[in-house]
There are 2 protein chains.
Amino acid sequence: MKVLIVHAHPEPHSFTAAMRDAAVEVLQAEGHAVRVSDLYAKGFDPVAKAADFPSRQNPDYLVYALEQRHAWDSGTLPDDIRNELDLVLWADLLILSFPMYWFSVPAMLKGWIDRVLLSGPTYGGKRFYDRGGLVGKKGLLAFTLGARPHMFGERAIHGPLDDMLRPLLRGTLYYVGMEVLAPFAAYHVPYLNDAARGSILDAYRAYLRQLEALQPLRFPRLEDFDDRLYPRD
Amino acid sequence: MKVLIVHAHPEPHSFTAAMRDAAVEVLQAEGHAVRVSDLYAKGFDPVAKAADFPSRQNPDYLVYALEQRHAWDSGTLPDDIRNELDLVLWADLLILSFPMYWFSVPAMLKGWIDRVLLSGPTYGGKRFYDRGGLVGKKGLLAFTLGARPHMFGERAIHGPLDDMLRPLLRGTLYYVGMEVLAPFAAYHVPYLNDAARGSILDAYRAYLRQLEALQPLRFPRLEDFDDRLYPRD
């Protein structure tokens, strides 16, 4: 497989970075090609804005998704977006590597999603979910958080983890057509000693070694909805 | 009431901006004090980063939330964060005004959440949910999206809207202790004519006029969990 790790953490020596490095090592040892896009290191600009489109379809009124499609069709994407998109199109597996902020990705990574997962090549009109532009690829969230495992679950204080992650798992990775793997969460990280952190890295390595055997999460399929996207039955 | 509208849209003349302006007008007419923070207009920086803390507790290793707490305690927050936080602390009602990107807020607004809702004054340790730092305030999401109403709901293609919004409604606004009002969603906006847009503005005005009578959304309360945050029964 070709694997892209998009990494966003403001501390270069974070445990999240150690997870990223462990992933590179394990995946390469398994024979996969791996590339890393470190958004903080490259000073990625996460702000979706008019200046993203030097050649506008409508210079007077910005509809971001429409200008994305136009820039894609006309080959006028700026280099920073184009480079990231090329990596996404290259990859068979996308790993988003981040610390959980507010039960979601940091703004740095949200902006990568906003700007790089272009209307056009990755989705558009009725090309989403299992008909999305990136069908055939896989997606994985790998993140650190402060909470403990018992704080997530059916009767837990924050409810099921996947419910909190829904806009990312279903609304982003699956939206563009990816098979979404069960997320890898590293709990309670700021409070752990080195031994406990080592155990998490071991668990992550083991998880990555059997990636290709994993069944993806299950989500609705478009065949169960009609042309206007009403449920069929 | 004192109302803060935090607005983030890359198009200054967007319909989302028209909703913002309608809110200012209606709320002022109802006798409320209203302030607007327009993040794109002020060039707000959404990136959580080491440079947010000129005087670090730990200069060698950045744990963002810990440095937030330290900067708050030591009065060393940079002006851009401090100014936004002062507005939040001033307000009785916070309205987040944005176009939905990827079933969430644009990175610009996510970064406002990451950087401004500080560990310390807004939450910390077991000070969250109904014991959060901003108990007594109200929060509201008011946003535009391309999808149609029938695409959200129990059997709909995207499932219930509030489920997609969970990290924002429960994981952010309720997390810091706010009473969370039912979100106001303006559907299908890029495809509507002026008359249809006018109807949405009317509906939004009517919604805002009866804000104070609304019951907040229901979420778990900490009294139902023990000291280690396990469910009590």
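**Close-up views of the interface of chains A and B and of helix packing**

**View 1. Polar contacts and secondary structure at the interface of chain A and chain B.** Between chain A and chain B, 24 residue pairs are in polar contact, both residues at pLDDT 80 or more (a pair of N or O atoms within 3.5 Å; within protein, one must be able to donate a hydrogen and the other to accept it, and residues adjacent in sequence count only if both atoms are side-chain atoms). Helix 4 (107-116), helix 5 (161-164) and helix 6 (166-174) of chain A each give at least two residues to the side of chain A that touches chain B. Helix 4 of chain A has the largest share, six residues. By class, this side of chain A has 35 nonpolar, ten polar and 13 charged residues. Helices are DSSP runs (H or I, at least four residues), as are strands (E, at least two), numbered from the N terminus. Ala, Val, Leu, Ile, Met, Phe, Trp, Tyr, Cys and Pro count as nonpolar, Asp, Glu, Lys and Arg as charged, and the others, Gly among them, as polar.

The model is predicted: local features need pLDDT of at least 70, side-chain atom pairs count only at pLDDT 80 or more, and totals for chains, interfaces and linings use all residues. Residues are numbered from 1 along each chain as its sequence is written, chains are lettered from A and ligands numbered from 1 in the order in which they are written, and side-chain values use heavy atoms, with hydrogens and water left out.

**View 2. Buried area between chain A and chain B.** In contact (heavy atoms within 4.5 Å) are 58 residues of chain A and 58 residues of chain B. The two chains bury about 4,700 Å² between them, 63% of it from carbon and sulfur atoms. A:Trp102, A:Arg155 and A:Ile157 supply 18% of the area that chain A buries against chain B, more than any other three residues. Buried area is the accessible area (1.4 Å probe) that two parts lose on being put together, summed over both.

**View 3. Salt bridges across the interface and within chain A.** A salt bridge is a side-chain nitrogen of Lys or Arg within 4 Å of a carboxyl oxygen of Asp or Glu. The rule finds two across the interface of chain A and chain B. B:Arg166 pairs with A:Asp163, with the closest N and O atoms 3.9 Å apart. Within chain A, A:Lys42 forms a salt bridge with A:Glu84, the closest N and O atoms being 2.5 Å apart. A:Lys42 lies in the loop between strand 2 (33-38) and helix 2 (64-74), and A:Glu84 in helix 3 (residues 79-90), 42 residues apart.

**View 4. Packing of helix 1 against helix 7 in chain A.** Helix 1 (residues 15-29) and helix 7 (residues 194-209) of chain A pack at about 35°, their axes 10 Å apart. Axes are lines fitted to C-alpha atoms, for helices over the stretch in contact, and angles run from 0 to 180 degrees between N-to-C directions. Among the residues making the contact are A:Phe15 and A:Met19 of helix 1 and A:Leu201 and A:Tyr204 of helix 7.
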